[in-house]
Amino acid sequence: MSSHSSIDPSIGCILDGITTSGRAYLEGQESVRSALISKARSLIGALERPNETLTWLAWAEPTRRAAIHTALQLKLFNILSSPKSSDEIARATQASPVLIQRLLRHLAATAIITELKPSSYAPTPVSRALAKPRSAAALKYCDALPGPVLARLPIYLAQTKYRNPNNPSEGPFQHAMQTPETPWNWARSQPGLGEIFALHMSGYHEERPSWMDPGFYPIEERLIQGCKQGQQHVFLVDVGGGIGHDIEELMVKCPAASKNGRLVLQEIPAMVAQAKQQRPQVESEIHDFFGPQPIKGGI
């Protein structure tokens, strides 16, 4: 049991900051939200004992990622669109009821879902987001590519005597994946990974302001006025733009841009094929962005 003298003296200041920022947020000041989150995290850091933090890092966090990935494979978050029992979820997934119960308990313990009562669970905003393909793609992609590389990064750095990696052909990625390929070339050979990456990129700025939103950037004044007009000119080139989500957004939010000239997506063959299928209204062409740019004069 801790004594009063062992209490972190910063806790009082953090609580005062949370009270002030929290009151401002409740009054509608959205700008304080990030500061409020930061203060809340500082409070956890001040309240947690070191062994509690280390236990979370060593056990809770890695197992939470494994539980989330398994739940995504089972489409568990889609099934849990409303409160359900673990038995209902087990029947829907056709997985072992014991395994599902263990999975659900861990997801609830790490705040991904909510446990209403024993063996009864409900969705949270996070689990609802994970039911959306574009949101879930971020975790799927990171588990497939950056995850294994980061797991073996300490071994790579030790073997290279902690030199800063500066060779893109002989770096942490090649060490982890046991391949001479670059990440981009390797990813092309992995079934489905390109589609997951495209989904991840298209969902990356969900719930974030877009530079195309009114008042964010003066598109009309800075980009459109004074440009050469007509479809014989290229107005914008989106290099490595996935399946054209940004160009499509620009066409909707700023119709004058597409009237001013062509909007061209440049991507690898697989992405261009997908873009032509899903967004036929977007002009697209194959291009390796490590090579010379064939279009001149666009933005």
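Colleague: At what angle do helix H8 and helix H9 pack?

Modeller: Two packed helices are described by the angle between their axes and by the distance between those axes. In this predicted model, helix H8 (residues 133-144) and helix H9 (residues 146-159) pack at an angle of about 45°, and their axes are 3 Å apart. H8 is therefore oblique to H9.

Colleague: Which residues of H8 and H9 meet?

Modeller: From H8 come Tyr-141, Cys-142, Asp-143 and Ala-144, which meet Pro-146, Gly-147 and Pro-148 of H9. Sorted by class, the contact of H8 with H9 has five nonpolar residues, one polar and one charged.

Colleague: How many disulfides does the structure hold?

Modeller: A disulfide is a covalent bond between the sulfur atoms of two cysteines. The structure holds zero disulfides. As for individual cysteines, Cys-142 counts as partly exposed because its relative accessibility is 30%, and Cys-13 counts as exposed because its value is 59%.

Colleague: Which residues touch the most other members of the largest nonpolar core?

Modeller: That core has 21 residues, and Leu-76, Phe-77, Leu-107 and Ile-113 touch the most other members. At least two of its residues are supplied by each of helix H3 (50-73), helix H4 (76-79), helix H5 (86-93) and helix H6 (97-109). The largest share, five residues, comes from H6.

Colleague: What does Leu-107 touch, not counting residues up to four places away in sequence?

Modeller: With those set aside, Leu-107 touches Ala-67, Ile-68, Ala-71, Leu-76, Phe-77, Ile-112 and Ile-113. Another core, of 17 residues, lies apart from this one and includes Ile-224, Leu-236, Ala-257 and Met-271.

Definitions and conventions: Residues numbered from 1 in each chain as written. Predicted model: local features only at pLDDT ≥ 70, side-chain atom pairs only at ≥ 80, totals over all residues. Heavy atoms only, no water. Core = buried A, V, L, I, M, F, W, Y, C linked by side-chain atoms within 4.5 Å. Buried < 20%, exposed > 50% of the residue type's maximum accessible area, 1.4 Å probe, protein only. Helix = DSSP H or I, 4+ residues; strand = E, 2+ residues; numbered from the N terminus. Contact = heavy atoms within 4.5 Å. Axes fitted to C-alpha atoms, helices over the stretch in contact; angles between N-to-C directions. Parallel < 35°, antiparallel > 145°, perpendicular 65-115°, else oblique. Nonpolar A, V, L, I, M, F, W, Y, C, P; charged D, E, K, R; others polar. Disulfide = S-S within 2.5 Å.
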